[in-house]
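These are my notes from a first pass through a structure that was new to me. I wrote down each thing I looked up, in the order I looked it up.

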Amino acid sequence: MLKTLLPKVLLNLLFLCMGLKPIISLAQTETDALMMPQNKLCIAGLAGYSSWTNYWEGTFKRENANMGAVSTNITMLMFNYGIKNNLNFIVNVPYLQTKASKGTLAGMQGVQDLGFFIKYKPFEATSGNSLLSLYVVGGLSVPSHQYNIDLLPMSIGLGSRVASVRFLGDFQSGKFTASVSGAYLHRSNVTIDRTAYFTDHQINSSEVQMPDAGNFQVRSGYRDKHLIAEAIADNMTTLGGFDIRKNDMPFVSNRMNSTRVGLEAKYYLKKISGLGIHGNYFRTVQGRNVGKATSFMAGVSYILNTGSTSKMD
Amino acid sequence: MKKIFTPLIAFACLCSLISCNKEIEEDNEHYEALQPNQLDADAGTWKTFIVALPSDFPVPAPASPTSAAYQTELNELKSVTANLTDKQKNIINYWKVGSVLRWNEIMRKLVAKHNLPPYQNADGTYPVPSAANPFSYPVFPFSNPPYAARAYSYVSAAQYDALVVAYHYKKQYNRAAPYKVDTNIKPLVAQNDLPAYPSEDAVVSGATLELLKLLFPADIEYIRSKAEEEKNFRLWSGANVKSDLVAGDSLGRWVARKVIARAKTDGMGTAGGNQAIWTKLETDCRERGETPWLSLESPKRPPMLPLYGNVKPMLFSSATVVSLRPGPPPATNSPKMRQELNEVLSYTKNPTRDNMKIVNFWADGAGTYTPPGHWNAIATQEFVKHKYSEVRWARNYALLNAALMDAAIVCWNTKYYYFNARPCQLDPAIKTLTGVPNFPAYTSGHSTFSGAAATILGYLLPAKAHEFTAMAQEASLSRLYGGIHYRADCEAGIETGNKIGQYAINRAKTDGAE
């Protein structure tokens, strides 16, 4: 079910990453207000775990003793390159492994969707020790291969190509920060291995129409040269799709909605320049056709200087 | 601002890269309007499945085309056909592809809609859908594969029998279609020389409506609206006058009552069994020294329709069911069983994506139209190329679905006779790539269905026989690849299915249609 999770998990991941960079223009992921300086490359390795026992079948919250706890292990590589100080290119490669603690269903594993993001900061204004900046992030996520999408919730993903655009505004005053962002995710149709399926009606085709989705996020917390610590609230809303019927299996084009809250921290070591550690924790507090997941993730990052000169801003 | 527009334009490009048009074209969207290659005008003599003689249904003689009553009907028809709305035209375009075909699609949809096992009660028991109270949860029916096989079969047999009787009266009364009587009427369906009274569409819609009311009572409003739509389509398209439709509709319902009378006494009503029967199956198996089947669901669900194997078959007697039952599966503790378990384990441990595709393609599990529905879909894709008359469409589906229903009966009889365990019950290391069905393993239902279907379809469409055999083989092995069946289940299933298909062939050879 709730593989549902996956896009979510992925977003999770995205929150992470690293990067470092004195003060304001720190790190970077698809959803944060941090940038990698020009000619610097941040490489990060992360490991995470997500699990749920309860899930929402439509709006009906239940357990399923035929699956027990459904968990996902995630290992992820991320790269962020500073093309310019205000223009970054981010790539991530996630490997997922699913497992059900009870019942007979086999777990699945494999490299899921490759993510490519261009992050651009077109605007920045300072006043005293306050700073306001705006970001635009364009993304494309592409399944690395034709993994099995028809065995949710054990499948590792939904198999859809996703084009996204995100607008993000960030305000910083001293060491206090607050940012708001919204994204629109255009999702391509997917092809399943069967020639017919039932959503809320019968469809005689292998192609499945995937509804688009929207993501909204607010985060706020502390940010200085070495430490970033933020609380996050995140909402993913599928714009269409249908509910899982009572006692039916989940399906790729379900209306998967979730609201999560979490904490995220990044710490850049003082002694070893360029080395950072990351961690986050999220809980799904409300959802529809998704698992009520608890997830956490941890990792390290290192920043390499690839240019002859680095223009620190 | 230009700085903001650049990424927006880039996003638009990305969008077009992954294609923004999400409309899906369904496989059945471009079927051509039905224009039979041959009329089968003598089909009134073909052998019926359930009803005895056409003369048991005395259809009254129609008014002559020269009568005032008929002329009034013709005038009505002209005014109805003169000003069609777009909605009416869409309905015409939908139904003109073929009555029997469209109802087969509708049935598959109803089966998929209702093929969900009930959710448990708070105390860990399961509620049973009730035909007497079809609307409240769990909605009636749970159209699992045996239920579906029987439903497809009765509807197909009723349509076929009703059409045979209708063709008998078509020939006897020989009243031409309105567009033949008055050439000012330009029908929106293909013209042919088949007598129009009683209307074949109305016969099919009347018979189907009655059967589906019995089989899918919770959808009565939808079913009724489709039946009404179909009769209107014949009027709006100028294909039939009202009296063609009234006679057809009434004949169809009349025939349906005979089929329903059989359905109500075929043994399905008690096929679910009760606690005493479920316990006895278990103890009997233990006494034979074998490990009995256990529900792998949690909470444990009673076995699916344990007495379905006693339901009255379509193509042979209940005694034949017993004679078709294959010999026993490998004993639980035999080296042969260990070998079979090892094979299942090897397929599920590191499954290839190609095998997963096969598992998914043939899974036909909860929420789908079931394996019998899948074979109906496969048959439809081929039948539609052959431009059959309505009565031949009905005959071919009736043969296919009689074989599928009897396959379900023989298979269920076998499953509960041996009551043997699923692979993952005997070896918990086996994890499955699809849901484990809630009934014993031997023999494989998919294999029995597929063997039966491929055999009769290969006879009806000899050019495709090899292809159907290969598909049946793949369907059968998909259950081994998925980790829910042993090879012995699959092989015995296919072999028995082939034998059942042969009964359908024998019938086809003597039903007068060839």
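Is Cys424(B) buried or exposed? I looked it up in what is a predicted model. Cys424(B) has a relative accessible area of 8%, so I put it down as buried.

Cys411(B) is in no disulfide, and the nearest cysteine sulfur to it, that of Cys490(B), is 11 Å away. Cys411(B) is buried because its relative accessible area is 1%, under the 20% limit for that word. For Cys424(B), also in no disulfide, the nearest cysteine sulfur is again that of Cys490(B), here 14 Å away.

**Entry: the two chains together**

I went on to the interface. I noted 50 residues of chain A in contact with 49 residues of chain B. The size of an interface is often given as the accessible area lost when the parts come together. For chain A and chain B that comes to about 4,300 Å², with 58% of it on carbon and sulfur atoms. On the chain A side, the residues that lose the most area to chain B are Thr104(A), Asp193(A) and Asn204(A), which together make up 15% of what that side buries.

**Entry: chain A**

I then took chain A by itself. I listed 1 helix and 19 strands in it. Of its 313 residues, 60% are buried. I also checked its contacts between residues at least 6 apart in sequence, and 63% of these join residues at least 24 apart.

One residue I marked was Asn289(A), which is not a glycine but has a positive phi of about 60 degrees. I found Asn289(A) in the loop that runs between strand 18 (275–288) and strand 19 (294–305) of chain A. Asn289(A) counts as buried because its relative accessibility is 0%.

**Entry: backbone of chain B**

Asp40(B) lies in the loop between helix 1 (2–17) and helix 2 (68–82) of chain B. With a relative accessible area of 11%, Asp40(B) is buried.

I also noted cis peptide bonds. The bond from Tyr137(B) to Pro138(B) is cis, with omega near -5 degrees. Pro138(B) sits in the loop between helix 4 and helix 5 (145–173) of chain B. The bond from Tyr442(B) to Thr443(B) is cis as well, with omega near 0 degrees. I placed Thr443(B) in the loop between helix 16 (423–426) and helix 17 (445–460) of chain B.

**Entry: Val111(B)**

Val111(B) belongs to helix 4 (residues 99–114) of chain B. I put Val111(B) down as buried because its relative accessibility is 0%. Beyond its neighbours within four places in sequence, its contacts include Ser143(B), Ala148(B), Phe216(B) and Tyr369(B). Tyr369(B) is 258 residues from Val111(B) in sequence, yet their C-alpha atoms are 5.1 Å apart.

**Entry: a helix pair**

Last, I looked at how helix 7 (residues 200–215) and helix 9 (residues 242–264) of chain B pack. Their axes are 6 Å apart, at an angle of about 35 degrees. The crossing of helix 7 past helix 9 in chain B is right-handed. The residues of this contact divide into 12 nonpolar, 4 polar and 4 charged. Among them I wrote down Leu209(B) and Leu214(B) from helix 7, and Ala256(B) and Ile260(B) from helix 9.

Key: Residues are numbered from 1 along each chain as its sequence is written. Chains are lettered from A and ligands numbered from 1 in the order in which they are written. This is a predicted model: local features need pLDDT of at least 70, side-chain atom pairs count only at pLDDT 80 or more; totals for chains, interfaces and linings use all residues. Side-chain values use heavy atoms; hydrogens and water are left out. Helices (H or I, at least four residues) and strands (E, at least two) are DSSP runs, numbered from the N terminus. Buried means under 20% relative accessible area, exposed over 50%, partly exposed in between (1.4 Å probe, protein chains only). Contact means heavy atoms within 4.5 Å. Axes are lines fitted to C-alpha atoms, for helices over the stretch in contact, and angles run from 0 to 180 degrees between N-to-C directions. A crossing is left-handed if the near helix is turned anticlockwise from the far one by less than a right angle, and right-handed if clockwise. Ala, Val, Leu, Ile, Met, Phe, Trp, Tyr, Cys and Pro count as nonpolar, Asp, Glu, Lys and Arg as charged, and the others, Gly among them, as polar. A disulfide is a pair of cysteine sulfur atoms within 2.5 Å. Buried area is the accessible area (1.4 Å probe) that two parts lose on being put together, summed over both.
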